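Please keep the sequence and the structure at hand while reading.

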Amino acid sequence: MQRTSLYIDGKFGAPENRNYFPAVNPATEEPFAEVAAGQAPDIDRAVRAARRAFDSGDWSGLDGRQRADMLRRVAQGIRTRQKEIALLETRDNGKPIPEAEWDVGDAAFCFDYYADLAEEQAGRSPEEVDVGDPRFQARILREPLGVVGAITPWNFPLLMAVWKAAPALAAGCTIVLKPSELCSLSCHLLAEVIDAAGVPPGVFNLITGTGPEAGQALADHPLVDKMAFTGSVTTGRKVMQAASAGIRTVSLELGGKSPFVIFEDCDIDKAVEWILFGIFWNKGEVCSATSRVLVQRGIFERLLDRLRSATEAIEIGSGEAPGVKLGPLVSKGQYDKVLGTIETGKLTAARLVTGGGRPANLDRGYFLNPTIFADVPTDSEIWREEIFGPVLCINAFDTEQQALDLANDSKYGLAAAVMSDDLERCERVAAKLRAGIIWVNCSQPTFTQVPWGGYKMSGIGRELGRAGFDAYFETKQVTRFDHNECWGWYLDAQE
C-alpha cells in the first residue's frame, strides 16, 4: 500500500509522530493508501522553512522571468503525469476519470497563466505619482506578500491547491499547503512535480493531516503572513478568527446555494443540458453548483418532465469505469450527511421527482441516485442550505422580479445563472443578481483568466485572473525629498 510523506524545505520525510491515516476509495469503501498525518510540530518546521526561503530572497528576490521559467517546468511536469495524477484523484475522490483529467489539465494551464503574469510583472517599472509638490518624488512598488498558509478542499483536490499555489509562487511568495485529509494524494504528486522542477527548498511545502491537528496550527502560526482558505463556512470562520488574532491577511472562498433562472422563451433541451451540468458535474460536490433552479411557469412541467428523464438516464458507477457520468460521493461522512438532508426534504411539502436513495444495482460504495425536489418550500433546509451533493431543488416563478427576489433571497452569493433567448433581459437580470460569478445561457464554465469569488457569506477576496495574482502582493509607497535646500519647517520656526 502506497504511503505518502510530508514535503518540508525541499525534502520528503515522515511526520514527526510517524502517524498515518487511510485514504479510502469511495467506490469500494476500501483503503488503498496511507497518508502522513502531520501535526503542529510539522507545521512549525514547514512555516519556518517557508519564512527562511522568503526572507533570504532565494525566491522573492528572483526576477519574475526566472520564477516564470520554473513555473512553466511545473506545468509541463503536471502534463507529463496527467493520466497518473487523474487516476489517483479518481480513486481518492470518486469523480469520473475524464473529469479528473480535465481538472489536471486546468491545473497545468493555471501554472502557465501565472508564469505569464510573473513575466509581465517583471517588465513593469514602479508607478510614478505626481503628488503636486515638485520637491517630492513618489512611486508605488508591489512586493510579494510573504509566507502563505493555504488550506484547500477535497472536491477538486489538485485544482483548488493550484489556484492558490500558482499565483502565490508567481508573485514571489512562499507557501505551506494543507490539503483536505479526505483527498491529499494528488497534492503529494504536485509536491513531487515541484521538487523535480527545481523550485528552491522551502518555497513550497506540503503538510497533510487533519484540520484540528494541522490546519488549525497553520492558521494560528505567527510567521504566516496570509491565510488562503477554500471550504465550509464553519471552518472559514475559524480561519478568519485565527487570522484576526495576528492581524494578517485572509482570503476565503466558502459555500454557495446558487440560483439558475430559466425563462420560458429558451430552448428546453438546452436548459436541461445546462441544469444537469450545473448540479450533477463532480457529483454536485461543487461550491458554485446551481442547486436552486427557478423556471418560468409556462414551461415548468414540460421542462421538469424532460429533466427527470435525462436525470434517470445518467450512468452511475466507479469513476474508473468507461461511460460513467456520476461517481460516488467522497466519503461515508459526506454520504450520510447528504442522505440525511434528503430525508429531511422528504418530510417537507416538497415533491420528490426522482432519486433520493442508493442505486439498486450498487450495494457497495458511497453511491447516490441524482435527486430532484420540486415545489420546494423556500424556508426549508434543502432550499436554503448548501447540500454539496447531487440534489437539485426546482421551483416555478411568474415574473422577472419574482425570480430575482427568490434568487437573491440567500445568505450566499457565490454564483448565479440566467437563461433566455432575450439577451437584453439576460443582461438586465445579470446586473441585478447578487453574486460574484454570473453565467448567461450556461452554468459552471470556469476560466483561469477571470476572477472567482462571491458576495455575502460566500467569502472574501478573489482567486483566478489578475485579481488572484494581485492578492499575493503588498503595496508600498516610496517618497523622496528631491531638493537642494532643507525642508525648513523646524529650522524656520526656530529662527
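Which side chain meets that of Arg384 in a salt bridge? The partner of Arg384 is Asp409, with an N to O distance of 3.2 Å. The model is predicted, so local features need pLDDT of at least 70 and side-chain atom pairs count only at pLDDT 80 or more, while totals for chains, interfaces and linings use all residues. Residues are numbered from 1 along each chain as its sequence is written, and side-chain values use heavy atoms, with hydrogens and water left out.

**Salt bridges**

- The whole structure contains 37 salt bridges, each defined as a side-chain nitrogen of Lys or Arg within 4 Å of a carboxyl oxygen of Asp or Glu.
- Side chains of opposite charge can pair when their charged atoms come close.
- Arg384 belongs to helix α12 (residues 381–384) and Asp409 to the loop between α13 and β18, so their bridge ties together parts that are 25 residues apart in sequence. Helices (H or I, at least four residues) and strands (E, at least two) are DSSP runs, numbered from the N terminus.
- Arg384 is partly exposed at 27% relative accessibility, and Asp409 is partly exposed at 39%. In these terms, buried means under 20% relative accessible area, exposed over 50%, and partly exposed in between (1.4 Å probe, protein chains only).
- A salt bridge also joins Asp225 and Arg51, at 2.8 Å from N to O. Asp225 sits in the loop between α7 and β11 and Arg51 in helix α1 (residues 40–56), so that distant parts of the chain, 174 residues apart, are linked.
- Asp225 is partly exposed, at 25% relative accessible area, whereas Arg51 is buried, at 16% relative accessibility.
- Arg425 and Asp265 form a further salt bridge, in which the closest N and O atoms are 3.1 Å apart. Arg425 is part of helix α14 (residues 423–432) and Asp265 of the loop between β13 (259–262) and α9 (268–280), so parts 160 residues apart in sequence are tied together.
- Arg425 is buried at 15% relative accessibility, whereas Asp265 is partly exposed with a relative accessible area of 28%.

**Largest pocket**

- The largest pocket holds about 870 Å³ of space. Its lining comprises 39 residues, of which Trp154, Phe229, Gly231, Ser232 and Thr235 are the closest to the centre.
- Two or more lining residues of the largest pocket come from each of β8 (147–152), α7 (211–220), β11 (226–230), α8 (233–245) and α11 (332–346). The greatest contribution is that of α8, with six residues.
- The lining of the largest pocket divides into 15 nonpolar, 14 polar and 10 charged residues. Here Ala, Val, Leu, Ile, Met, Phe, Trp, Tyr, Cys and Pro count as nonpolar, Asp, Glu, Lys and Arg as charged, and the others, Gly among them, as polar.
- On a 1 Å grid over the protein atoms alone, a pocket is an open set of points with protein on both sides within 12 Å along at least five of seven lines, a cavity is a set of points where a 1.4 Å probe fits but cannot get out, and lining residues have an atom within 4 Å of a point. Grid points are joined across faces, edges and corners, and a volume is the space filled by probe spheres set on the points.

**Cavities**

- Five cavities of 30 Å³ or more are present in the structure.
- The largest cavity contains about 80 Å³ of space. Among its 16 lining residues, Pro259, Ala407, Tyr412, Gly413 and Arg434 lie nearest the centre.
- At least two residues of the lining of the largest cavity are supplied by each of α13 (400–408), β18 (412–413) and β19 (415–419). By class, this lining has eight nonpolar, four polar and four charged residues.
- The second largest cavity contains about 60 Å³ of space. It is lined by 13 residues, and Ala289, Ser291, Glu386, Ile387 and Phe388 are the closest to its centre.

**Backbone geometry**

- Most residues other than glycine have a negative phi.
- Asn441, which is not a glycine, has a positive phi of about 60°. Asn441 lies in the loop between β20 (437–440) and β21 (455–456).
- Lys456 likewise has a positive phi, near 50°, and is located in strand β21.
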